[in-house]
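This report describes selected local features of the model shown below, beginning with a strand pairing and continuing with a helix contact.

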Amino acid sequence: MHSRESALVLGPGGPVGTAWTAGLAHGLRGLGVDLAAADLVVGTSAGAIVGAALTSGRNLARFADPAGGSGGGPRPPQVEPRLMGEVFAVLGAGLPPEEARRRVGRMALGAADPEAERALVAARRRLVGTDTWSAGHRLLIPAVEAGSGEPVVWDRDSGVPLAVAVAASSAFPGAAPPVSVGQRHYIDGALRAGTNVDLAAGARTVVVVEPMARQAPGREAPVAEDAETWVSLFPDEASAAVLGTDPSDMSAWVPAFQAGQRQAAAAREQLAGAWAVGAERVRHGSAAC
């Protein structure tokens, strides 16, 4: 990857994490910090939704209550707890990553549903606001091909409509159906490598936004090892209390967005200098802003 000045990495987090990340980015915009100013944006799953909206110039206030006051976000596909439990059992079995992806992919294909897939893509399109990738921003969206378990990384030159790429990257088996591109089906990009911070290799400044960081106690925040400066932003205690433990809880959408927005002022301090034109640098570190 060619060297870049700055990269923004937006991690997975289900619908609740989507709302929190959008609220954080919206709040930062209001404080004069535009995360879309990064030379590169990597968006995975929930991060793909917000990353696509950011780079498309979408007014993120639209994420505040996409249901128009009905008390939740966009209506999700029907969650299948049994399938989701089986997926997590495979992922926690200590298998080689490629084998785990293949097994999960086969399970996802068994739950393929063209009608649910169309609804998922339409819901993602409403949030993102367009099917067209921004010509002025470099956006990478990872996913996994369900049949082979092979990861893919899409960008504006891939020929995949933006909303389809976003839908595929956020199609976690048991929570959403696999998404078809041509004759193949694709599933959640987090199955590639979690937050996929490796795709930011070569950037001098890396900012990682991780809505699910507090749900993995004891695990270290991902770091772009070759970056001169990195900042990790994740829910503080107040936000974590709002997000809860179920990332698919649609009743938490509105309060999660508001929590992210409230956290923006502290995030701005955490980012001080990192998102300037490159003249200033923040110190190395990570924190719940």
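Strand β3 (residues 139–145) pairs with strand β4 (residues 151–154) in the antiparallel sense over four bridges; two strands pair if DSSP finds at least two bridges between them. Ile-141 has Trp-154 of β4 as its bridge partner. Five residues lie between the strands of this hairpin, in which Gly-149 takes a positive phi near 80°.

The model is predicted, with local features requiring pLDDT of at least 70 and side-chain atom pairs pLDDT 80 or more, whereas totals for chains, interfaces and linings use all residues. Residues are numbered from 1 along each chain as its sequence is written, and side-chain values use heavy atoms, without hydrogens and water.

Helices (H or I, at least four residues) and strands (E, at least two) are DSSP runs, numbered from the N terminus. The axes of helices α2 and α6 come within 7 Å and cross at roughly 155°. Therefore α2 is roughly antiparallel to α6 (angles over 145 degrees count as such). The crossing of α2 past α6 is right-handed (the near helix is turned clockwise from the far one by less than a right angle). The contact (heavy atoms within 4.5 Å) involves the following residues.

| Helix | Residue range | Contact residues |
|---|---|---|
| α2 | residues 46–55 | Ala-48, Ile-49, Ala-52 |
| α6 | residues 162–169 | Leu-162, Val-166, Ser-169 |

Helix α2 is mostly covered, with ten of its ten residues buried (under 20% relative accessible area, 1.4 Å probe, protein chains only). Gly-57, which follows α2, has a positive phi near 80°.

How values were computed. Axes fitted to C-alpha atoms, helices over the stretch in contact; angles between N-to-C directions. Parallel < 35°, antiparallel > 145°, perpendicular 65-115°, else oblique. Buried < 20%, exposed > 50% of the residue type's maximum accessible area, 1.4 Å probe, protein only.
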